[in-house]
Amino acid sequence: MNSVTVVESLGGVDGYFLHFLAAALLVALFCVIYVRITPYPEFKLIAQGKVAPAVSFAGALLGFAISLASAIAHSISFLDMLVWAGIALLVQLLTFLVLRLIFADLSRAIASDVLAPAVLLGALSLAAGILNAACMTY
């Protein structure tokens, strides 16, 4: 590889760092909002070794990250990426809220470390994220 090719290859490094920093901040924002809308303290329960809150939170986080990755890959500008990231965040939050309405004991069960509802919530959050990501490939 000659030096011109290396310089050309690094030409997009500013955009890379801007998108990566924004993605990290968006993931942190998602985490803060998600743990605020759930009626149980995920991080405290996870620190106590409870698996169910970790499984449900991991599914939601991965669902958001997959959607965010699609927003980054398919957006036409930085602002466009932020808009679609906001939509991805909203979809993940709505997924939890809808499932909480459908399954009345969902939150209590997860807080009590019952694994089955946590796996369901995690899997449906992941599915919502994958479908959301696919819809962003316009």
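Is L99 buried or exposed?

A word on ground rules. This is a predicted model, so local features need pLDDT of at least 70 and side-chain atom pairs count only at pLDDT 80 or more, while totals for chains, interfaces and linings use all residues. Residues are numbered from 1 along each chain as its sequence is written, and side-chain values use heavy atoms, with hydrogens and water left out.

Let's start with the fold. The protein chain has seven helices and zero strands, and along the sequence the pattern reads α-α-α-α-α-α-α. Helices here are DSSP runs of H or I with at least four residues, strands are runs of E with at least two, and numbering goes from the N terminus. The C-alpha trace spans about 60 × 30 × 25 Å along its principal axes. Of the 138 residues, 34% count as buried; buried means under 20% relative accessible area, exposed means over 50%, and partly exposed is in between, using a 1.4 Å probe and protein chains only. Among contacts with a separation of 6 or more, 76% are between residues 24 or more positions apart, where contact means heavy atoms within 4.5 Å.

Now, the record. An unreviewed UniProt entry annotates "transmembrane region" over residues 16-35, 55-76, 82-102 and 114-134. Those positions are given in the numbering used here, the feature names are shortened, and such annotations may be inferred rather than shown by experiment. In the model, residues 55-76 are 91% helix and 0% strand, with end C-alpha atoms 34 Å apart. Residues 82-102 are 100% helix and 0% strand, and their end C-alpha atoms lie 30 Å apart.

On to the helix pairs. Helix α2, residues 13-37, and helix α4, residues 51-74, cross at roughly 145 degrees, and their axes come within 11 Å. Axes are lines fitted to C-alpha atoms, for helices over the stretch in contact, and angles run from 0 to 180 degrees between N-to-C directions. This crossing of α2 and α4 is right-handed: a crossing is right-handed if the near helix is turned clockwise from the far one by less than a right angle, and left-handed if anticlockwise. On the α2 side you'll find H19, A23, L26, V27, F30, C31, Y34 and V35, meeting S56, F57, A60, L61, F64, L68 and I72 in α4. By class, that contact has 13 nonpolar, two polar and no charged residues. Here Ala, Val, Leu, Ile, Met, Phe, Trp, Tyr, Cys and Pro count as nonpolar, Asp, Glu, Lys and Arg as charged, and the others, Gly among them, as polar.

S56 is buried, with a relative accessible area of 0%. Its side chain reaches the backbone oxygen of P53 at 3.2 Å. Beyond its neighbours within four places in sequence, S56 is in contact with Y34, Y40, I110, A118, L121 and G122.

I33 sits in helix α2 and is partly exposed at 27% relative accessibility. I33 and L89 are 56 residues apart in sequence, yet 9.2 Å apart in space, C-alpha to C-alpha.

The second pair is α5, residues 78-102, with α7, residues 115-135: they pack at an angle of about 150 degrees, with axes 10 Å apart. Their crossing is right-handed. I87, A88, V91, Q92, T95, F96 and L99 in α5 meet L121, L124, S125, A128, G129 and N132 in α7. That contact has eight nonpolar, five polar and no charged residues.

L99 counts as buried, at 9% relative accessibility. Not counting residues up to four places away in sequence, L99 touches L106, L121 and L124.

Most residues other than glycine have a negative phi. D113 has a positive phi of about 70 degrees although it is not a glycine. D113 is found in the loop between α6, residues 106-111, and α7, and is partly exposed, with a relative accessible area of 31%.

Notes: A polar contact is a pair of N or O atoms within 3.5 Å; within protein, one must be able to donate a hydrogen and the other to accept it, and residues adjacent in sequence count only if both atoms are side-chain atoms.
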